[in-house]
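Hello,

Here is the structure we spoke about.

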Amino acid sequence: MIDPFGREVSYLRVSVTDRCDFRCVYCMSENMTFLPKADVLSLEELDRLCSAFVRNGVRKLRLTGGEPLVRRNIMSLFKNLSRHLVSGDLEELTLTTNGSQLAKYATELVDCGIRRINVSLDSLNADKFKELTRWGELDKVLAGIRAAKAAGLAIKINTVALSNFNEDEIEDLIRWCGDEGYDMTLIETMPLGDIGGDRIEQYLPLSKVRAKLENTFTLTDIDHKSGGPARYVDVKETGRMLGFITPLTHNFCEGCNRVRLTCTGTLYMCLGQDDAADLRAPLRASEGDDLLDAAITEAIGRKPKGHDFVIDRAGQAPALARHMSVTGG
Ligand code: SAM
Ligand code: SF4
């Protein structure tokens, strides 16, 4: 699949549910209205959609959410999709998780061919963790991460940098990741969805974080490319990789290789744009896949060049109305 700007689309992220057992302050408001269950694709339908993308050239598939591991029977989807790993059509099947259910599922994930996972963790302080996630328990997440490591999964920790919140903890998190053998990615907050607060207070530019880190660590730019928005450095003191995802201070769109599917079958060709394609109608219209393949080709043909996020004025509406839990980040 080649888009109008010559970029090959080989990476699909699928939000398998918009629901979550946490309510992170930058992601959701406390009282979220979730999609009616009837609007959400069944696991069989999600399998059919993902498989259509694999047939059309997707080589990497990431399940996300909401929290993917809270969707009932989600392991059956991982298990079914693993056939594309066995056939060699898919290079990687992975997930992004908050870690709360990892202790339960780590071994099964490995059995489904998953080799590495991203776990979101913004603080190692139990009280702060609770404040940030509203409903999360740090101990449970740490136990989940340990279980994943013990099961043999490679782990990357995703940390959202928040001003006046975990700003002072970032160095500790980098050291902890080094000690435990995890890579780490720092993420800037993105203006997605009404979260019942003011984002300007959360926004912490990673350029500032990096400048501060350089007083403590030796950071060397490396050429590791994920086809995504992260730029990587090697941290000499820990021997691990550190990524910076800076959608607001750095334009990463030129190398974009990905599209995002929601749990209702809506395809977003860009995280930062509203344009989307409905794949549920062609999916349900027939048992054959011709309509679906045509709809996918048409959608990729409209992938926009890039986004235009801005957070500059206090009190402004989010750049996009939808929450991150809809498209999964
Ligand atoms: N529940 C899973 C988790 O937290 O890892 C998967 C879904 S979550 C939406 C995916 C990632 O998006 C997490 O790393 C989270 O920290 C990040 N995220 C959520 N809202 C964000 C926002 N407004 N700006 C930047 N990152 C955000
Ligand atoms: Fe849930 Fe992940 Fe959003 Fe936190 S960031 S509320 S864990 S979906």
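Predicted model: local features only at pLDDT ≥ 70, side-chain atom pairs only at ≥ 80, totals over all residues.

Residues are numbered from 1 along each chain as its sequence is written, chains are lettered from A and ligands numbered from 1 in the order in which they are written, and side-chain values use heavy atoms, with hydrogens and water left out.

The second largest pocket holds about 300 Å³ of space. A pocket here is an open set of points on a 1 Å grid over the protein atoms alone, where a 1.4 Å probe fits, with protein on both sides within 12 Å along at least five of seven lines; lining residues have an atom within 4 Å of a point. The volume is the space filled by probe spheres set on the points, which are joined across faces, edges and corners. Its lining includes V16, D18, R19 and K37.

Around ligand 2 are C20, F22, C24, C27, M28, G66 and N98, each with a heavy atom within 4 Å of it.

Most residues other than glycine have a negative phi. N73, not a glycine, has a positive phi of about 65 degrees; with 51% relative accessibility it is exposed. R134 likewise has a positive phi, of about 60 degrees, and is partly exposed at 22%. Exposed means over 50% relative accessible area, buried under 20%, and partly exposed in between (1.4 Å probe, protein chains only).

Regards
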